[in-house]
Amino acid sequence: MPIPNGHLVLIGTTASGKSSLSIEIAKKRPILEILSMDSMAIYQGMNIGTATPSDEEQREIQHHLINIVESTEEFSVSQFQEAANNSLMEIEDREKKALLVGGTGLHVRAVVDNLSIPGQFPEVKRELESELDTTKLYKQLENLDPIAAKKMEPTNRRRVVRALEVTLGSGKPFSQFGPGMDSYPTTPFTQIGLQLSRDHIDKRIFERYEKQIATGFLEEVETVMAKGLSRTAAPALGYKEFHFYLRGDYSLEEAIEKAVVATRKFARRQERWFRRDPRITWLEVAEDPLEVIEDVLKIFDNANKN
């Protein structure tokens, strides 16, 4: 069992309130700096849709990996891993600790378990992208790497293409890179998860979209979509649905409904991903995530005893 490194990972599905809780935790423990583990918060100009902490919150608490690249740029998991590790070194150099706030499962694992991220194979990728039938690509992946295929949705074109790109380009099944997603080795990071009922998460998702629209999300969508989204930024929740509304393809009510449904499905996938990790300590939240702040502080303090 490795000695805890003192860094705390706060995990939860989208709309679970982990960002607001993390800020309150950092206020009570000034030694902490917040390291965002959200694969979409890295993009500039997408603050409302990704529920990025406000400028005031970022001035009060040091944040990392927020608004670091243009929304038109691609930013791979390996690039994210490198940027996160650099931030961790900077935080440690200042004799501080990191509060890693996570919603993107693969990115959390990449840092917590120092995953070996497979390389890029652009020529293979271009050839795969020329095949427009995602179902056909998924069947190819099932033949070449059934383990990887079982772990992704057949309609998730981006993940299917990536798995095939690595499998074909490296000559090694995508599922064999790193310790594997089904392996949970010991780690020096202390991980805490927020457990909210699905009904409560569903309610918070709907209320968050209402609040985002009231604070300018539609204008943000219009600006961002006019510039264009990179392949890695395109999956950001809500942007596609409200772009269709702005084009006249959906009514506002339809756009909200479709965005809410898609986000609830995403939250279920996050929940299933995180639930597989036996190293996470789960704290039950009835209504407000701040209910568990004392429990979180106690776990953090224990991990940092000399």
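Helices α3 (residues 77-93) and α4 (residues 105-112) pass each other in a right-handed crossing, where right-handed means that the near helix is turned clockwise from the far one by less than a right angle, and left-handed anticlockwise. Helices here are DSSP runs of H or I with at least four residues, strands are runs of E with at least two, and both are numbered from the N terminus. The contact is made by V77, F80, Q81, A84, N85 and L88 of α3 and by L106, H107, A110 and V111 of α4, contact meaning heavy atoms within 4.5 Å. By class, seven of these residues are nonpolar, three are polar and none is charged. The nonpolar class holds Ala, Val, Leu, Ile, Met, Phe, Trp, Tyr, Cys and Pro, the charged class Asp, Glu, Lys and Arg, and the polar class the others, Gly among them.

The axes of α3 and α4 come within 9 Å and cross at roughly 50°. Axes are lines fitted to C-alpha atoms, for helices over the stretch in contact, and angles between N-to-C directions run from 0 to 180 degrees. The two helices are therefore oblique to each other, since angles under 35 degrees count as roughly parallel, over 145 as roughly antiparallel, 65 to 115 as roughly perpendicular and the rest as oblique.

This is a predicted model, in which local features need pLDDT of at least 70 and side-chain atom pairs count only at pLDDT 80 or more, while totals for chains, interfaces and linings use all residues. Residues are numbered from 1 along each chain as its sequence is written, and side-chain values use heavy atoms, with hydrogens and water left out.

On the α5 side the contact involves P122, V124, K125, L128 and E129, which meet R157, V161, L164, E165, L168 and G169 in α8. This contact has six nonpolar, one polar and four charged residues.

E165 also takes part in a salt bridge with R162, at 3.3 Å from N to O. A salt bridge is a side-chain nitrogen of Lys or Arg within 4 Å of a carboxyl oxygen of Asp or Glu; by this rule the count comes to 18. R162 and E165 lie three residues apart in helix α8 (residues 157-170), about one turn of the helix. Both are buried, that is, under 20% relative accessible area, with exposed meaning over 50% and partly exposed in between (1.4 Å probe, protein chains only).

E60 pairs with K27, the closest N and O atoms being 3.9 Å apart. This pair links distant parts of the chain, with E60 in helix α2 (residues 55-60) and K27 in helix α1 (residues 18-28), 33 residues apart. E60 is partly exposed at 47%, and K27 is partly exposed at 37%. K136 pairs with E131 at 3.6 Å between the closest N and O atoms; K136 is exposed at 52%, whereas E131 is partly exposed at 25%.

Salt bridges also link R109, D113, D277 and R279 in a network. D277 lies in the loop between α12 (252-275) and β6 (281-284) and counts as buried, at 6% relative accessibility. Leaving aside neighbours within four places in sequence, D277 is in contact with R109, Y184 and Q191.
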